[in-house]
Amino acid sequence: MLMKSFIILATFLASALLEEPVSGAELLPETINSTLPSFSSGKTSSPVDGEKTPDPAVVNLQVLLDRAGASPGVIDGYVGENLSKAVAGFEAMHGLPVDGKLDPDVTARLKSNAPVAQSYKISNQDTENLVKAVPDDYGEKAKMSHLGYTSVAERLSEHFHMDIDLLKALNPRASFTVGETISVVMPGPAVAGEVRRFEVNARAGQIFAYGDGDALLAVFPATVGSSDTPAPSGSHTVNGVVKMPTYTYNPKVNFKQGENSGVLQIPSGPNGPVGTVWIDLSKPTYGIHGTPEPSLIDKVGSHGCVRLANWDVEELAGMVKPGVRVDFVE
């Protein structure tokens, strides 16, 4: 019943009539910090025309949820299903009625003393191992030594769990060079704890991680297979965790990509097919992994595996050990 409540609630909230943010207004860090987290304004999906400004109230809400272990996915300043599900997950984590409303009980528990938007000085470390571009074709990827970030802005947006457009909206005149001080949002440290079991819910598009006493520790938005290549069913276990994994492409086992018909070894990197972490499952060829495109989590299908934003799979991987049970539910 709890899972069904999440799904119904997410659908309702994502379709709610919300006010539009002010068009063309500059997004300032002090505005984000002084605006209470809210659903009261915002667009239900990121604008395709680029004319809208991310809503500071939604940015605030997304960051506070992320800090609390209820991941909204990419922090972008827009209302969508992943944000709606994060609110429901936060309520469940705290034993509150799962209604998705930012009532006084919810907002009181979301409060944080640290400002949401903070300053960050770009260092030499932020420029390391960048690549000029990452090709789409797997055959071309296989020729590279590392599938790294393509810019300082891309690296920092992922480090701070931000959509790159939000980072640029906060820093419209930034050149993203060493020594420059920019504004970022600060999601906070990873959730601490030991996961005893977790559920992968295909219909909800989420992972629910449970600790001692079956307490809900964290919730993550996830892409769970697709209609053509569904995720596995039933219960499995974690075999182990691989950081910065390479990826073996085999069209006879996995899927056909482009004109590539032979086995290819794709190098590691945050822009690799499986991102920065692979959580290997006892079900052969299946795992839970990162992605080079975090903004597409639970928006497009995967090739059977479970896909999370790199920062979310890193957080989950830090809480699991071999032998942890993984339940796939509908």
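User: What makes Tyr120, Lys121 and Ile122 count as contacts of Glu180 in this predicted model?

Analyst: Contact here means heavy atoms within 4.5 Å. Leaving aside neighbours within four places in sequence, Glu180 is in contact with Tyr120, Lys121 and Ile122, and also with Arg173, Ala174 and Ser175. Glu180 itself sits in the loop between helix H8 (164-170) and strand E2 (181-185).

User: How do you know that Glu180 has no salt bridge, and which side chain of opposite charge is nearest?

Analyst: The nearest side chain of opposite charge is that of Arg173, which is 9.0 Å away. A salt bridge requires a side-chain nitrogen of Lys or Arg within 4 Å of a carboxyl oxygen, so Glu180, although buried, has none.

User: What polar atom lies by the side chain of Glu180, and at what distance?

Analyst: The backbone nitrogen of Phe176 lies 2.6 Å from a polar atom of the Glu180 side chain. The cut-off for a polar contact is 3.5 Å, and the 2.6 Å between Phe176 and Glu180 falls within that limit.

User: Why is the pair of Tyr120 and Phe160 called edge-to-face?

Analyst: The search of the whole structure finds three aromatic pairs. In the pair of Tyr120 and Phe160, the ring centres are 5.2 Å apart and the planes are at 70°.

User: Which parts of the chain does the pair of Tyr120 and Phe160 tie together?

Analyst: Tyr120 lies in strand E1 (residues 117-121) and Phe160 in the loop between H7 and H8, so the pair ties together parts that are 40 residues apart in sequence.

User: What makes the pair of Tyr138 and Tyr249 edge-to-face?

Analyst: The ring centres of Tyr138 and Tyr249 are 5.3 Å apart and their planes stand at 80°, so the pair is edge-to-face. Because Tyr138 lies in helix H6 (residues 138-141) and Tyr249 in strand E8 (residues 247-249), the pair ties together parts that are 111 residues apart in sequence. Both Tyr138 and Tyr249 are buried, and together with Tyr247 they form one aromatic cluster.

User: How do you know that Ser157 is buried, and what is its relative accessible area?

Analyst: Its relative accessible area is 5%, and the limit for a buried residue is under 20%, so Ser157 counts as buried. Ser157 is placed in helix H7 (residues 152-159), and, not counting residues up to four places away in sequence, Ser157 touches Met162, Asp163, Ile164 and Leu167.

User: Why is Asn310 called buried, and what does its side chain reach?

Analyst: Asn310 has a relative accessibility of 1% and therefore counts as buried, the limit being under 20%. The Asn310 side chain reaches the backbone oxygen of Pro270 at 3.4 Å, and a polar contact is drawn within 3.5 Å. Asn310 is in helix H9 (residues 310-317), and its contacts beyond four places in sequence include Glu158, Gly275 and Thr291.

Notes:
Residues are numbered from 1 along each chain as its sequence is written. Side-chain values use heavy atoms; hydrogens and water are left out. Helices (H or I, at least four residues) and strands (E, at least two) are DSSP runs, numbered from the N terminus. Buried means under 20% relative accessible area, exposed over 50%, partly exposed in between (1.4 Å probe, protein chains only). Lys and Arg count as positive and Asp and Glu as negative; His and the chain ends are not counted. A polar contact is a pair of N or O atoms within 3.5 Å; within protein, one must be able to donate a hydrogen and the other to accept it, and residues adjacent in sequence count only if both atoms are side-chain atoms. Rings of Phe, Tyr and Trp (its six-membered ring) pair if their centres lie within 6.5 Å; planes under 30 degrees apart count as stacked, over 60 as edge-to-face and the rest as tilted.
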